[in-house]
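Good morning, colleagues. Please look at the structure on the screen while I describe a pocket and then a helix pair.

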Amino acid sequence: MKIQELEIVNFKRFSHLKISKIPLDAKLVLLIGSNGSGKSSIFDSFDWLSKGRFKGYPTNGDEYYRKDIGKESSLYISFHEDIKIRKTGNTFEGPFEIAKKFFGRSSIRIVPRISNNSNVDAVITDGDSPATYIDNDSRFLNDISLYINQIDFALREPVFKGEQADTLKIFQDQIKPLNDSLANIFGGNEETRIRIAEYRNATPSTNAQLIFKKGESKINYDLLSHGEKQVIILLLNFLVRRKYYENSIIFIDEMDCHLNTSLQYRLLEEIVDKWIPENSQLWTASHALGFIDFAKKSKQASTIDFDLLNFDLDQELYPNDKEDVDIYEIAIPKNLLFEIMSKKRIIFCENQNDEFYQLMNIKDCLFVGLTDSREVFLQIKRDKRYYGVRDRDYLMSSEIQRLKNYYPNLYILQYYNFENYLYHPDNIEELKVEAFEKNEYIKEIRKQKNNSYENILINLKAARSYEEFKTDKIKSDNIDEITQSLKSEDFETYYKFFDMKKFSKGYLEKLNLSRTNLCQTSWFKLKLEEILK
């Protein structure tokens, strides 16, 4: 179940808000914006849809949701599955069962210590959710009881059949998924990594306990940090309620609470990739850098910017363009970024190659990865304080020169792409790889180039539809330089237009080359410094 469009009218802060064109592949919808920008109003509308009336007021309770008390509130949702629902006041249109497939968690969900106040029977109907979206969410206590009960049942049920419990399956179903996610989020090694080690059942005089380990140290849940508790509460909820979350909309406010930036990114990545079913959609709100960064880079995510909206006017929002880096300003203002980095050049590069550029340790340069050359160009065109480095692709020398003249903050590789530098024979030679024979390697590259020549010509025109050619300043030239260079038998002449991403991986695999090592050679650093000087 995936939302394509929603609309709220006279609801909370908004007179009329519409969110449109959410793509089908958006497994995550991230709402960003400053405090008080209205993000949580969307979650309140989901909550209102799934629970019906708000019971916090002495009359009919709808005053809580209505911006104008004299008018009804309404919510309209259109799904990609060609389903539409609408709620106006207490009137519901569309398949009512859809309303029961919305599961929300408020930002007030940290349970400081475990108690025995649980009611697992309420889980089936989501009856243990708080009365409203602003109340404390203590469902973790039921999640713990469910977790312990599921393991206990799996251990004891076979005994009454005279059979052995399948402890390996219990481990794989109930323990390993949780510990794997904790390892992916928190990182560390065996001595520092947090993992669940055991549990203790409740007794008439003691509360249930979850016991975790770091190295050889055992730590009761009650003694964990708020950040650790935040992650465990979220993961355990997904683990024990996973069957209910199939084909549903899951909405969770401020999942990033108490987490540093790197943990923010890894938490959201882990939940979206591992815990959200493929037929479901997660909605969350944040102004955290790690969440924004993940949503921008993920093909499964859409970002909706709520910042600076006028609540009294009709508003229509769309997913942000993946190329727009200005969304980071919600987490860190651009002026502050430039002030912090005042002595560094911020250089955008393609295909998330920033980590490899960074390994070169080029003085006063900070590399930031973007999706492709188009995104790099649009960023440096929009703001001259940024720099960009893009692959050459099929750009000719005359075109490169014009680009340099008009956009001095754009650097262009002299070879086809980043991989042409990594796998250049001179670069591999510097690593002194025992199985490497330079002349044979060059012959193989030439052979593969000649075999693909006709194919390159067929696709050349379409491949040269670069964003830079759409400006009035840069026009494309005749492609003779490319065709003649690729015909050449001289290595350096044809190599600048031959895509090494398409070179046979089997040939390179036998050399057991590490990209990390390849981008730290003297040859590689010298070639890139020549371009970036």
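The lining of the second largest pocket divides into 3 nonpolar, 9 polar and 6 charged residues; here Ala, Val, Leu, Ile, Met, Phe, Trp, Tyr, Cys and Pro count as nonpolar, Asp, Glu, Lys and Arg as charged, and the others, Gly among them, as polar. This is a predicted model, in which local features need pLDDT of at least 70 and side-chain atom pairs pLDDT 80 or more, while totals for chains, interfaces and linings use all residues. Residues are numbered from 1 along each chain as its sequence is written, and side-chain values use heavy atoms, without hydrogens and water.

A pocket is, on a 1 Å grid over the protein atoms alone, an open set of points where a 1.4 Å probe fits, with protein on both sides within 12 Å along at least five of seven lines; lining residues have an atom within 4 Å of a point. Of the 18 lining residues, K39, S40, S41, D253 and E254 lie nearest the centre of this pocket. Helix α1 (residues 39-51) gives the largest share of the lining, 4 residues; helices are DSSP runs of H or I, at least four residues, numbered from the N terminus.

Now to the helix pair. Helix α3 (residues 167-186) packs against helix α5 (residues 261-275) at about 145 degrees, with the axes 8 Å apart; axes are lines fitted to C-alpha atoms over the stretch in contact, and angles run from 0 to 180 degrees between N-to-C directions. In contact, meaning heavy atoms within 4.5 Å, are residues including P177 and F186 in α3 and L263 and W275 in α5. The residues of this contact divide into 6 nonpolar, 2 polar and 4 charged.

Conventions. Helix = DSSP H or I, 4+ residues; strand = E, 2+ residues; numbered from the N terminus.
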